[in-house]
Amino acid sequence: MDNLQAIMPMLIVTLAAAATMLAESFRLKDERMPLGGLGLIGLVGAAAASILLWNRNTTSFGVVQSDNFALFINFVLVAVGILTILLSSQVIDREELPAGEYYSLVLFSIAGMMLMAAATDLLLIFLALEVMSLAVYVLTGIRRTDAAGTEAAFKYFLLGAFSSAFFLYGVAFTYAIVHSTRLEAVALAVAGRSDVSGPLTWLAVGLLLVGFAFKVSAVPFHMWTPDAYEGAPTVVTGFMSTGVKAAAFAAFVRVFLSSFEPLRGEWVTVLSWIAVATMVVGTVVGVAQSNVKRMLAYSSIAHAGYLLVGIIAGNASGKSAILFYLLAYALTNVGAFGVTALLATRERPRGDLADFAGLWHSRPVMAALMTIFLLSLGGFPPTAGFVAKWYVFGAAVQEQLYGLAIIGVLTSVVSVFYYLRIVVLMYMTDSRAEYEPPRLTATGLATLGVAAATVFYLGVLPARVIELATRSIDTIF
Amino acid sequence: MTPITPAHYLVLSAALFSIGLIGVLVRRNLIVIFMSIELMLNAVNINLVAFSQQWQHVVGQVFALFVVAVAAAEAAIGLGIILAFYRNKETVNVDEITLMRW
């Protein structure tokens, strides 16, 4: 039984997913079942398990390590999952999505994400990555009759499978050099031997880097992001832009900052260029978008760039900044996509920029919530986004990476332009008569309100969460 | 006859991986692109098994089995998505995926 402790959070989420699937299959036609509630129970259970495991640093089967780092990511994922499920019920009714499949896929992918953050073996990281990705591919295309949705799912699937192949090839080379896939064995071998920096090592590190860069949508491996984000149902976009990113960054940090840390000299230059390209492309191309989901997709590319700056800094404050950033970004982005999702109607599902025109006059609460999320994405004080960026760039400055920090700040300033464009559109133009945005339901209001309040809380009183994040990184090294 | 060394396996798997990679980049039929990705995964398997053999170490073979299983799951989902796509667009040609452009 000892062995099961560390996998308890994933186990609970997986059981909830299986229960949801079973409940759906026993559901009579037209019978309504609170399937989302099952998911919520599972997620709360996973959070409780994570709290109990805090500071215990348990290991299961030698390959799943529930250290504080993984548990912190678990909390982020639980938050993302709960917000997503609460926002989904309305969307599921509106678009007649298959509820049982939807919720169980969300839960299965969360289980995969949690496993990915806790795995300390490259084989397990790969399996977790696939559990997560396969579920998300299906979620992207869950509107089967929608041409854009299936197209998005297809592009996402193809490029995702393509990147998995790169990742796997990198793992195979790592295995060839190290004779093991355990991360601690990799770290030992890489640190202790001088003969490891041959072409095989270059290949291994390079291919793993490409695999991770695809998953976190870093330039030049970002092509799938805007299409997948635009075509997917908007709540799913919010889910995958935050959950997938958090899990991928967790594994990225574990592999590159603990195992391949001794080879830092070889990958840090490449990663710096990737980070610069990611920040610049995400910002500049984002300015040109006329669709809110596409714009937020480019914004999420730019945010991946800021997170990469934290990895490049690589010091203690950089690592804790990544954790804080992931939390802040998750709440903000789920919120922004949530508002967009609840604003959509059957006739206008795509989230055109024009749909936001005059929103302040027709739906002031929604406009206010959207403003909070957009300001946080742009990094205005006193929101979570500001503190997160402050810490990431601060970590870069500590390591004398002035160039990266300056580019980061400059691109943030430019990105404010496209966030504020929506704000201006909402407050300063007249609403268009032919488009009546739907009313906010009580659940939607409560969910988004809590998310917005947390964004403010993290912006005004970040100290406690920062301290948690700082304590979370002690255990991975 | 020269004995087969790990280098031979490495070259074979690199060749297979490259064929798959080029296939993904130049072919226009969704199914063929998908087959090329499978080719890349199998190139990885050759690599894993070859090194497993060389180090007399079972981890690589176990890994290869997992890769085969995951590839099967991926095929199921991929073909499902291709089918859904075909029902909407009546085509499996990449050049006609034009609904969303950057």
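**Close-up 1. Left-handed crossing of helices α11(A) and α17(A) in the predicted model.** The crossing joins α11 (residues 264–287) and α17 (residues 402–428) of chain A, whose axes come within 9 Å and cross at roughly 20 degrees. Angles under 35 degrees count as roughly parallel, so α11(A) and α17(A) are roughly parallel to each other. On the α11(A) side, the contact is made by Ser272(A), Ala275(A), Val276(A), Met279(A), Val280(A), Gly282(A), Thr283(A), Gly286(A) and Val287(A). The α17(A) side contributes residues including Leu404(A), Ile407(A), Gly408(A), Thr411(A), Phe417(A), Tyr418(A) and Arg421(A). By class, this contact of α11(A) with α17(A) holds 10 nonpolar, 7 polar and 1 charged residues.

**Close-up 2. Packing of helices α2(B) and α3(B).** In chain B, α2 (residues 30–54) and α3 (residues 59–89) pack at an angle of about 175 degrees, and their axes are 9 Å apart. Angles over 145 degrees count as roughly antiparallel, which makes α2(B) roughly antiparallel to α3(B). From α2(B), the residues in contact include Leu30(B), Ile31(B), Phe34(B), Glu38(B), Leu41(B) and Asn45(B). Among those from α3(B) are Gly60(B), Gln61(B), Phe63(B), Glu74(B), Leu79(B), Ile82(B) and Phe85(B). The contact of α2(B) with α3(B) divides into 15 nonpolar, 4 polar and 2 charged residues.

**Close-up 3. Contact between helices α5(A) and α10(A).** The axes of α5 (residues 122–140) and α10 (residues 234–259) of chain A come within 11 Å and cross at roughly 170 degrees. With this angle, α5(A) and α10(A) are therefore roughly antiparallel to each other. Leu122(A), Ile125(A), Met132(A), Val136(A), Leu139(A) and Thr140(A) of α5(A) take part in the contact. Their partners in α10(A) are Val236(A), Phe239(A), Met240(A), Val244(A), Ala247(A), Ala251(A) and Val255(A). The residues of the contact of α5(A) with α10(A) comprise 12 nonpolar, 1 polar and no charged.

Close-up 4. The pocket is lined by 17 residues, of which Arg27(A), Arg32(A), Ile92(A), Asp93(A) and Ala99(A) are the closest to its centre. Two or more lining residues come from each of α2 (35–53), α3 (68–95) and α4 (99–118) of chain A. The largest share, 3 residues, is from α3(A). Sorted by class, the lining of the second largest pocket consists of 8 nonpolar, 2 polar and 7 charged residues.

Notes: Residues are numbered from 1 along each chain as its sequence is written. Chains are lettered from A and ligands numbered from 1 in the order in which they are written. This is a predicted model: local features need pLDDT of at least 70, side-chain atom pairs count only at pLDDT 80 or more; totals for chains, interfaces and linings use all residues. Side-chain values use heavy atoms; hydrogens and water are left out. On a 1 Å grid over the protein atoms alone, a cavity is a set of points where a 1.4 Å probe fits but cannot get out, and a pocket is an open set with protein on both sides within 12 Å along at least five of seven lines; lining residues have an atom within 4 Å of a point. Helices (H or I, at least four residues) and strands (E, at least two) are DSSP runs, numbered from the N terminus. Ala, Val, Leu, Ile, Met, Phe, Trp, Tyr, Cys and Pro count as nonpolar, Asp, Glu, Lys and Arg as charged, and the others, Gly among them, as polar. Axes are lines fitted to C-alpha atoms, for helices over the stretch in contact, and angles run from 0 to 180 degrees between N-to-C directions. Angles under 35 degrees count as roughly parallel, over 145 as roughly antiparallel, 65 to 115 as roughly perpendicular and the rest as oblique. A crossing is left-handed if the near helix is turned anticlockwise from the far one by less than a right angle, and right-handed if clockwise. Contact means heavy atoms within 4.5 Å.
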